[in-house]
Amino acid sequence: MEEIVAKKRMLSGIKPSGDLTLGSYLGAVKNWAERADQYECFYFMADLHAITVRQNPADLRRRTLEQLAQYIACGLDPEKNTLFIQSHVHQHAELGWILDCYSMFGELSRMTQFKDKSAKNADNINAGLFTYPSLMAGDILLYQPDLVPVGEDQKQHVELTHVIARRFNGIYGDVFKIPEPFVPKVGARIMSLTNPLVKMSKSENEDTGRVLLMDPPEVIMKQFKRAITDSDTENCVRYDKENKPGVANLMTIYSAVTGKTYEEIENEFVGKGYGAFKPVVGEAVVEHLRPIREEANRLMKDKGYLENVYRDGAQKAAYVAEKTLRKVYKKVGFVAK
């Protein structure tokens with residue numbers, strides 16, 4: 001009799017604090033979709049995290065549903081992946097508070113994102129912004145995942161999750177599984193088209209350096225045609241991240257949407273300059289995103305379907321999350337309900 005091996009569990013989420021970008025897709029969602037058959041996957045819209053920065057309520061609701069539609073359009077089949085809205089699973093907030101009490105002030109104050117967000121939102125340096133990593137630890141540890149797909153900028157938070165989990169386990173025994181960060185090799189960090197030294201952002205109000213998943217073709221082409229390449233006189237398409245970050249970023253994008261290696265791309269553009277390269281990358285992105293945009297627009301018109309997806313997802317997620325939370329509540333000494 002053949003032994004059935006349980007799938008490893010994977011979990012991740014993205015804040016609906018801005019529209020999904022090409023960077024969000026290539027760095028995260030595209031890779032999630034490719035792993036549904038290999039892993040048991042949980043993916044969520046992190047709306048609790050979004051409100052650490054002031055949000056327009058109507059925009060937050062709209063973006064949350066749009067993000068769900070885009071997840072599905074990107075290939076996240078609700079039959080194979082558990083898709084849910086973070087605030088619909090109350091165990092996230094509850095475990096987040098417990099882990100606040102096992103997170104040290106010094107650890108939280110050293111988080112790079114807290115420093116960055118505080119500098120950008122000096123009039124709203126709130127407690128949620130400070131304890132964001134504890135809630136993120138709760139998001140992760142609730143589901144006892146084996147792997148957490150994260151961008152390079154979130155690795156510090158996953159490392160803190162390890163610290164918090166080990167501290168809790170050290171006091172109460174083997175409660176939490178220690179997950180590993182999973183960072184894809186290609187497309188893990190897509191940079192701004194106008195400043196290739198910073199990540200392409202969905203939360204910032206900078207429309208010149210980003211491509212949104214739902215942008216029409218003419219907007220995408222405009223963005224790529226004005227993308228920064230490099231100020232060298234070489235005018236040669238060659239991968240050199242340190243000395244040619246603009247070209248390297250465009251090559252990373254082109255590789256991710258076409259499957260071509262950097263060597264193949266260099267050979268394709270031998271004797272051709274940046275002026276020839278940029279529109280070709282733009283056209284490749286347009287064609288890659290076209291079916292995603294069309295399907296997401298179709299899904300947004302079917303609110304009943306999206307409602308069924310997020311309700312079913314929340315029910316499945318809560319079943320798993322509650323088992324962990326009950327164990328935690330018992331360990332810390334809370335009276336059973």
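Predicted model: local features only at pLDDT ≥ 70, side-chain atom pairs only at ≥ 80, totals over all residues.
Which residues does Thr82 touch, not counting residues up to four places away in sequence? Thr82 sits in strand β3, which covers residues 81-85. Its contacts are Cys41, Phe42, Tyr43, Gly313, Lys316 and Ala317. The relative accessible area of Thr82 is 11%, so this residue is buried.

Now step past the end of the strand. Gln86 lies in the loop between β3 and α4, a helix of residues 91-100. Is Gln86 buried or exposed? Its relative accessibility is 0%, so Gln86 counts as buried. Leaving out residues up to four places away in sequence, Gln86 touches Phe44, Met45, Ala46, Asp47, Leu48, His49, His92, Leu135 and Asp139. Take Leu48 from that list. Along the sequence, Gln86 and Leu48 are 38 residues apart. In space, their C-alpha atoms are 6.5 Å apart.

Arg110 tells another story. Arg110 belongs to the loop between α5 (105-109) and α6. Its relative accessibility is 52%, and exposed means over 50%, so Arg110 counts as exposed. Arg110 touches Lys115 and Gln156, again not counting residues up to four places away in sequence. Asp59 is 51 residues from Arg110 along the chain. The C-alpha atoms of Arg110 and Asp59 are separated by 31 Å.

One more loop residue deserves a stop. Gln144 is in the loop between α7 and β4, a strand of residues 147-149. Gln144 is not a glycine, yet its phi is positive, at about 50 degrees. Its relative accessibility is 18%, and the cut-off for buried is under 20%, so Gln144 counts as buried.

Next come two helices. Two packed helices are described by the angle between their axes and the distance between the axes. Here the pair is α3, residues 57-73, and α13, residues 303-332. Their axes lie 11 Å apart and the packing angle is about 85 degrees. Angles of 65 to 115 degrees count as roughly perpendicular, so α3 is roughly perpendicular to α13. Which residues meet there? From α3 come Leu65, Leu68, Ala69 and Ile72. From α13 come Lys303, Tyr305, Leu306, Val309 and Tyr310. By class, this contact of α3 with α13 has eight nonpolar residues, one charged residue and no polar ones.

Finally, look at the empty space inside. Rolling a probe the size of a water molecule over the atoms shows where empty space is left. How many cavities of 30 Å³ or more are there? The count comes to two.

The largest cavity holds about 60 Å³ of space. Its lining is made of Met111, Gln113, Phe114, Lys117, Leu129, Tyr132, Pro133 and His157. Five residues of the lining are nonpolar, two are polar and one is charged.

The second largest cavity holds about 30 Å³ of space. Gly18, Asp19, Leu20, Arg63, Glu66, Gln67 and Gln70 line this second cavity. What classes do these residues fall into? One is nonpolar, three are polar and three are charged.

Thr82 is buried in strand β3. Gln86 is buried in the loop between β3 and α4. Gln144 is buried too, in the loop between α7 and β4.

Conventions: Residues numbered from 1 in each chain as written. Heavy atoms only, no water. Axes fitted to C-alpha atoms, helices over the stretch in contact; angles between N-to-C directions. Helix = DSSP H or I, 4+ residues; strand = E, 2+ residues; numbered from the N terminus. Parallel < 35°, antiparallel > 145°, perpendicular 65-115°, else oblique. Contact = heavy atoms within 4.5 Å. Nonpolar A, V, L, I, M, F, W, Y, C, P; charged D, E, K, R; others polar. 1 Å grid on protein atoms, 1.4 Å probe; cavity = no way out; pocket = protein on both sides within 12 Å on 5 of 7 lines; lining within 4 Å. Points joined across faces, edges and corners; volume = space filled by probe spheres on them. Buried < 20%, exposed > 50% of the residue type's maximum accessible area, 1.4 Å probe, protein only.
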